[in-house]
Amino acid sequence: MNFKNILLKIFKNDVYVKNYWKNLNLDSNSHPLKNYIKYGIKEKIFLDYVIQNIDHEKIIFEFGCNAGRCVRYLFDNGYKNLCGFDINENAIRLLFENHSKMAWKGLFIAGELENIKNIFSKFDVAICKGVLFNISHHEIESVIEYLCKADTIIIFEGADYGDFIHDYHKLFSNFGFSCIHQEYFPYGAKDTWNDILSAKSYARKTAVYEKNKFLGVFKRND
Ligand SMILES: C[S@@+](CC[C@H](N)C(=O)[O-])C[C@H]1O[C@@H](n2cnc3c(N)ncnc32)[C@H](O)[C@@H]1O
């Protein structure tokens with residue numbers, strides 16, 4: 001863990017965390033944006049739930065889409081109504097450079113949530129992978145409220161680790177949503193996870209950082 005990450009862990013300061021994500025670039029020491037261009041096995045695990053359960057015609061909005069690897073996987077699997085938002089402008093630029101066909105067909109924007117709220121006026125499904133645990137306790141409610149414009153929200157987040165740990169069941173229930181499906185991905189406990197573990201270097205990383213990934217699907221109560 002580098003010095004910046006150690007500071008991040010110690011201080012967990014709202015502004016610090018936000019600026020951290022905002023200022024990352026292609027080759028930053030940690031979380032370089034180039035890592036978010038191409039999808040890999042983790043994105044597939046998360047998004048295969050979407051592919052198996054969500055109609056191709058639905059408008060899918062990714063909150064915290066970075067350079068577009070998740071939406072690109074959906075695009076490659078026949079989804080055409082895709083849009084996304086990220087706080088990091090460099091990431092959205094990379095998304096346009098690397099996934100231009102998808103980018104120009106959809107709507108992808110960088111900025112502060114406050115400034116874009118009216119731009120994405122309607123979407124059917126919101127997806128969010130590895131983002132909410134970067135959102136501070138002060139801001140999480142307004143983010144969840146925004147995601148709840150959708151009828152279905154699918155998240156893949158740290159269950160009990162991250163800069164900010166949230167109770168997703170409670171947060172979504174405050175806005176009239178219930179969890180209709182959930183899965184935990186503890187180290188080595190699932191077949192799909194075992195596939196991943198065949199790559200030994202990945203297995204070492206997962207043992208430390210990915211002990212409890214939570215996939216949660218929240219649906220608006222009838
Ligand atoms: C771990 S990355 C995950 C990126 C993407 N979901 C993926 O899996 O490829 C976290 C992302 O959340 C974004 N992010 C962090 N705080 C944010 C905020 N307040 N609003 C929007 N995006 C944010 C970051 O810029 C970054 O792209």
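Modeller: Helices here are DSSP runs of H or I of at least four residues, strands are DSSP runs of E of at least two, and both are numbered from the N terminus. Residues are numbered from 1 along each chain as its sequence is written. The model is predicted, so that local features need pLDDT of at least 70 and side-chain atom pairs count only at pLDDT 80 or more, whereas totals for chains, interfaces and linings use all residues.

Colleague: How many helices and strands are there in the chain?

Modeller: The chain has 11 helices and seven strands. In the loop between H2 and helix H3 (41-53) lies His31, which has a positive phi of about 45 degrees although it is not a glycine.

Colleague: Is His31 buried or exposed, or does it fall in between?

Modeller: A residue is called buried if 20 or more other C-beta atoms lie within 10 Å of its own, exposed if 12 or fewer do, and partly exposed in between, with C-beta atoms placed from the backbone. His31 is partly exposed because it has 15 other C-beta atoms within 10 Å. Asn66, in the loop between strand S1 (60-63) and H4, also is not a glycine and has a positive phi, of about 50 degrees; Asn66 is buried, because 27 other C-beta atoms lie within 10 Å.

Colleague: Which residues come nearest to the ligand?

Modeller: A residue is near a molecule if its C-beta atom, placed from the backbone, lies within 6 Å of it. There are 18 residues around the ligand, and Trp21, Gly64, Asn66, Ile87 and Gly130 come nearest. Helix H2 (14-22) and helix H4 (69-76) each supply at least two residues of this shell.

Colleague: How many residues of each class has the shell around the ligand?

Modeller: Ala, Val, Leu, Ile, Met, Phe, Trp, Tyr, Cys and Pro count as nonpolar, Asp, Glu, Lys and Arg as charged, and the others, Gly among them, as polar. On that reading, the shell has nine nonpolar, five polar and four charged residues.

Colleague: In which sense do strands S4 and S5 pair?

Modeller: Two strands pair if DSSP finds at least two bridges between them. Strand S4 (residues 125-129) and S5 pair in the parallel sense over five bridges, and within that pairing Ile127 stands opposite Ile154 in S5. The chain crosses from S4 through helix H8 (residues 140-147) to S5 in a right-handed β-α-β crossover, a term used if, with the strands pointing away from the viewer, the path from the first strand over the helix to the second runs clockwise. S5 also pairs with strand S7 (residues 213-220), in the antiparallel sense over seven bridges, where Lys213 in S7 is the bridge partner of Gly158. Strand S5 (residues 152-158) is mostly covered, with seven of its seven residues buried.

Colleague: Which residues does Ile127 touch, not counting those up to four places away in sequence?

Modeller: Two residues are in contact if their C-beta atoms, placed from the backbone, lie within 7 Å. With that exclusion, Ile127 touches Val50, Ile60, Glu62, Cys70 and Ile154.

Colleague: What does Ile92 touch, with residues up to four places away in sequence again not counted?

Modeller: Ile92, found in helix H5 (residues 89-98), touches Asp86, Phe108, Ile109 and Ala110 under that exclusion. The C-alpha atoms of Ile92 and Phe108 are separated by 6.9 Å, although these residues are 16 residues apart along the chain. Ile92 is buried, because 22 other C-beta atoms lie within 10 Å.
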